[in-house]
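This report describes one protein chain for a reader who is new to reading structures. Please look at the sequence and the model before going on.

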Amino acid sequence: MELKVSDLSVARGGVPVLSGVSFDVAEGQALVLRGANGIGKTTLLRTLAGLQPALSGNVDFPEDTGAYASHTDGIKTQLTVTENLAFWADVHGADLPDRVFKTFDLEDLRTRLAGTLSAGQKRRVGLARLGVIGRKVLFLDEPTVSLDAFSVKMFASWLRDEHLAQGGIAVIATHIDLGLDLPELELAPFRAAADAGGGSDEAFL
Ligand SMILES: Nc1ncnc2c1ncn2[C@@H]1O[C@H](COP(=O)(O)OP(=O)(O)OP(=O)(O)O)[C@@H](O)[C@H]1O
């Protein structure tokens, strides 16, 4: 398995943001996307994950193996932590492995309504979803936002020792050092315009 990105151009609100992006990520490897605010990391990740069309170029990875996770957690506030994770397991036809509660430090929060969690606790539930759904190719947008130092380490350990160790792939936009010594791709050379400005795709606001 491999993620292969060739000569990709991406746009927001109809305005090209990045162009000519090419990289490969092999099984068991991760790539960190670097670049200033607004350069297009989120746009690139959404395009890689197939949530929006590319202007041109190709993204190849095996069908139905990708998952996108953003800092807006997609958590159902009226459900408990366990119910949230069980829901996602169900959607993906997977089991809910008990160890995810330990891995993501959620053991004491199993029966809490997700709406009552702190920002960092919600983030841990959002990340635990990744441990539940079993997708191999992860597109992660600022996965450690709101996490304290302990939780950043916990997430980094899961990424290295479980996801990547089991042959997974990850492309990660982050301003925070995960302490994993991962290869990085600086996006500045691929900037398509000084600033996108212009149009707005309000569906995503
Ligand atoms: N809904 C939108 N409609 C139009 N343009 C947008 C929209 N959202 C973002 N943009 C613009 O597209 C460009 C790329 O934004 P994007 O969110 O991909 O950047 P980013 O690198 O992820 O930024 P950050 O580091 O701040 O998260 C920016 O210039 C931004 O202002």
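The chain averages a pLDDT of 92, and 94% of its residues score at least 70; pLDDT is the predictor's confidence in each residue, from 0 to 100. The model also scores ipTM 0.91 and pTM 0.90. Because the model is predicted, local features need pLDDT of at least 70 and side-chain atom pairs count only at pLDDT 80 or more, while totals for chains, interfaces and linings use all residues. Residues are numbered from 1 along each chain as its sequence is written.

**The parallel sheet**

Helices (H or I, at least four residues) and strands (E, at least two) are DSSP runs, numbered from the N terminus, and two strands pair if DSSP finds at least two bridges between them. Strands of a sheet pair through backbone hydrogen bonds, either parallel or antiparallel. Here, five strands in the order E5-E6-E7-E3-E8 make up an open sheet with parallel pairing. Strand E5 (66–69) and strand E8 (184–186) stand at the edges with a single partner strand each, so one side of each is left without a neighbour in the sheet. On average, neighbouring strands of this sheet are turned by 15° against each other, direction ignored; for such angles, axes are lines fitted to C-alpha atoms, for helices over the stretch in contact, and the values run from 0 to 180 degrees between N-to-C directions.

Strand E3 (residues 30–34) pairs with E8 in the parallel sense over three bridges, and Glu-186 in E8 is the bridge partner of Arg-34. Helix H5 (residues 149–164) lies across E3, strand E6 (137–141) and strand E7 (169–173), and runs at about 155° to E7.

Leaving aside residues up to four places away in sequence, the contacts of Leu-138 include Ala-67, Leu-130, His-163 and Ile-169, a contact being a pair of residues whose C-beta atoms, placed from the backbone, lie within 7 Å.

**The antiparallel sheet and its helix**

Three strands form an open sheet in the order E2-E1-E4, with antiparallel pairing. At its edges are strand E2 (15–26) and strand E4 (56–60), each of which pairs on one side only. From one strand to the next, the twist averages 20°. Four bridges join strand E1 (residues 2–12) to E4, and Val-5 stands opposite Val-59 in E4.

Helix H1 (residues 41–48) packs on this sheet, where it touches E1, E2 and E4, and its direction makes about 125° with that of E1. Seven of the eight residues of H1 are buried, so H1 is largely enclosed by the rest of the structure.

**Helix H2**

In helix H2 (residues 81–91), the buried residues are Val-81, Asn-84, Leu-85 and Trp-88. They cover an arc of only 90° around the axis, which puts them on the same side of H2; this arc is that of the directions from the helix axis to the C-beta atoms. Helix H3 (99–103) and helix H4 (119–133) are among what covers these buried residues.

Glycines with a positive phi follow two of the helices, as the table shows.

| Helix | Glycine after it | Phi |
|---|---|---|
| H1 | Gly-50 | near 85° |
| H2 | Gly-93 | about 60° |

Key. Two residues are in contact if their C-beta atoms, placed from the backbone, lie within 7 Å. A residue is buried if 20 or more other C-beta atoms lie within 10 Å of its own, exposed if 12 or fewer, and partly exposed in between; C-beta atoms are placed from the backbone.
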